[in-house]
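I opened this notebook to keep track of what I looked up, one entry at a time. Each entry starts from the structure shown here.

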Amino acid sequence: MKPWLPGLARTTSKESQYASRYIIALTVTLASVLELLDTSIVNVAIPHMMGTLGATLDEIAWVSTGYVVANVIVLPISGWLSVQFGRRNYFAFSIIVFIVSSVACGNATSLGGLVFWRIVQGLGGGGLLSTAQSTLSEVFPPQEMGSAFAIFGLGIMVGPMLGPTVGGYLTENYSWPWIFYINVPLGALALLLSLQFVPDSKHGKKAESVDYIGLLLLAIGVGALQTLLERGERLEWLESNEVIAYIVASILGLSAFIIRQLEIEHPIVDVRVVKDKQFAAGMIFGFILGAALYSTVFVFPVYVQTLMGFNAWQTGMAILPSAIASGIMMMMSSKLLQRGVKPTRIIFTGVVIFLFSMWQHQHFTTLSGADDFFWPLVLRGIGLGLIFVPLSSVAMANIPLHETPNATGIYNLCRQLGGSVGIAVSATLLSSLQNANRSSLLVHTALNDPATQERLLALQQHFASLSLSEGVAKARALATLSNQISKQAAMLSYEQLFFGFGLVMLLVLPLLTVMKKTRAGNISSDAH
């Protein structure tokens, strides 16, 4: 088959694939970072979009929801699509769709147009993540598999963290369309490199027929589930008929999809791979890892921006050391794997460090500053960085190479859904905890309490010194005390959430008893 572009020679032999393996790793990681960046980059530009497009907050939320829903629909079938059309062709086409839709998003003049192109962008982006991981599984020799997952994992960690920072900078210094235009030059670079270096898979086999019914059921089931997670908290969950409809559609759609995939001869997603206990344990652990990653990325910025007054750029700079620490520890964990350290020991260490970091997060206050955040966030990055590479290695250990694209699609879907569940639960718990903590604090700040009366008197005297009338000064004092109580209630809620993330991660540690084999060992045996 001829190259797509003149002068771009394709790699064909295993030796040439190995020779270009690090270029391939950087190429697929760059594409994955773009995809993950766009899951969060939009959030900081929402107020600007609302003003330009004349949309309400509930309407503009579909700009984010449409992208994520389309993304998760494609994730589990990306392996099947890469086999049907060829991995290089599918990966390059996904990048092209992503670039074109990014330009269209930036040029959108109506809410409907923006939502439509965000859905198209999500469909293109969804094909990048799993295809990238399955590509690395083939082009790296077994002894360097840890390094491959470390490079890829760095993109997984950094992408969501950089979104708010990059989005905030571009929106404040230019305009919101630039959060989409930034994808064009980087996407073009990823496209050229993928056409030059990304190889087709030698292990896939095209299906003789296409299960269109299965595709429809998957779209309904996964799409409804993700939409439920995106909109549930805003619609007050079971108080909304729309949410109940999403629940019914997701249960029926996914149940029918799984049954059909088990019965037909050529499934688009081979769910039988979940029968492997080690892969199933890795999926569950990956789900919790996604929840821990995305939830902390969601909650910490809300904390510092609402209680500390940080802007998007300051928030990003506070989080950046955590991302750097994750990258360093991923490379270190891959080296430890190469030296024969058991992956379960590395994962266990990472969980303990992450728990300690969340315990430190629990001690943040309304007076904490950037210096107080540094080491807890760095330790968070170290903990998550230690978990990612060995977990990917053991999860895929028993999966044959021809099943790798299918398995990585399912694995990445679980991590993505874990993140969505984590964010949805965090948002709901944050609201509930704030109400509960405020009620608890109000019990101890009754107006007839001597300490409360003393505090109110001091506030009233302060406002009176500003030449305000007695009535106005008293009203200001009451309002100030109420705001202080609300702020402390919110702070307590953030502390409880942070420590809760660590405890949830701790609860899945028993799954490590199922994880015994490494990916490198599996690849070696397949090669023989």
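**Entry 1: aromatic pairs**

How many aromatic pairs does the structure hold? I found that it holds 17 aromatic pairs, where the rings of Phe, Tyr and Trp (its six-membered ring) pair if their centres lie within 6.5 Å, and planes under 30 degrees apart count as stacked, over 60 as edge-to-face and the rest as tilted. I noted that this is a predicted model, in which local features need pLDDT of at least 70 and side-chain atom pairs count only at pLDDT 80 or more, while totals for chains, interfaces and linings use all residues. Residues are numbered from 1 along each chain as its sequence is written, and side-chain values use heavy atoms, with hydrogens and water left out.

**Entry 2: Tyr303 and Phe364**

Tyr303 lies in helix 13 (residues 277-306) and Phe364 in the loop between helix 15 (343-361) and helix 16, so the pair ties together parts that are 61 residues apart in sequence; helices here are DSSP runs of H or I with at least four residues, numbered from the N terminus. Tyr303 is buried at 0% relative accessibility, and Phe364 is buried at 2%, where buried means under 20% relative accessible area, exposed over 50% and partly exposed in between, with a 1.4 Å probe and protein chains only. Both residues belong to one aromatic cluster, together with Phe300, Phe310, Phe373, Tyr494 and Phe498.

**Entry 3: Phe356 and Trp359**

I then turned to Phe356 and Trp359, a stacked aromatic pair with 5.7 Å centre to centre and 20° between the planes. They are three residues apart in helix 15, and therefore separated by about one helical turn. An α-helix has 3.6 residues a turn, so residues three or four places apart point the same way. Phe356 is partly exposed at 40% relative accessibility, and Trp359 is partly exposed at 39%.

**Entry 4: Ile382**

Is Ile382 buried or exposed? With a relative accessible area of 19%, Ile382 is buried, and its place is in helix 16 (residues 370-395). Leaving out residues up to four places away in sequence, I found that Ile382 touches Ala325, Met329 and Ile353, a contact being heavy atoms within 4.5 Å.

**Entry 5: helix 8**

Last, I noted that helix 8 is mostly covered, with 23 of its 29 residues buried.

Notes. Helix = DSSP H or I, 4+ residues; strand = E, 2+ residues; numbered from the N terminus.
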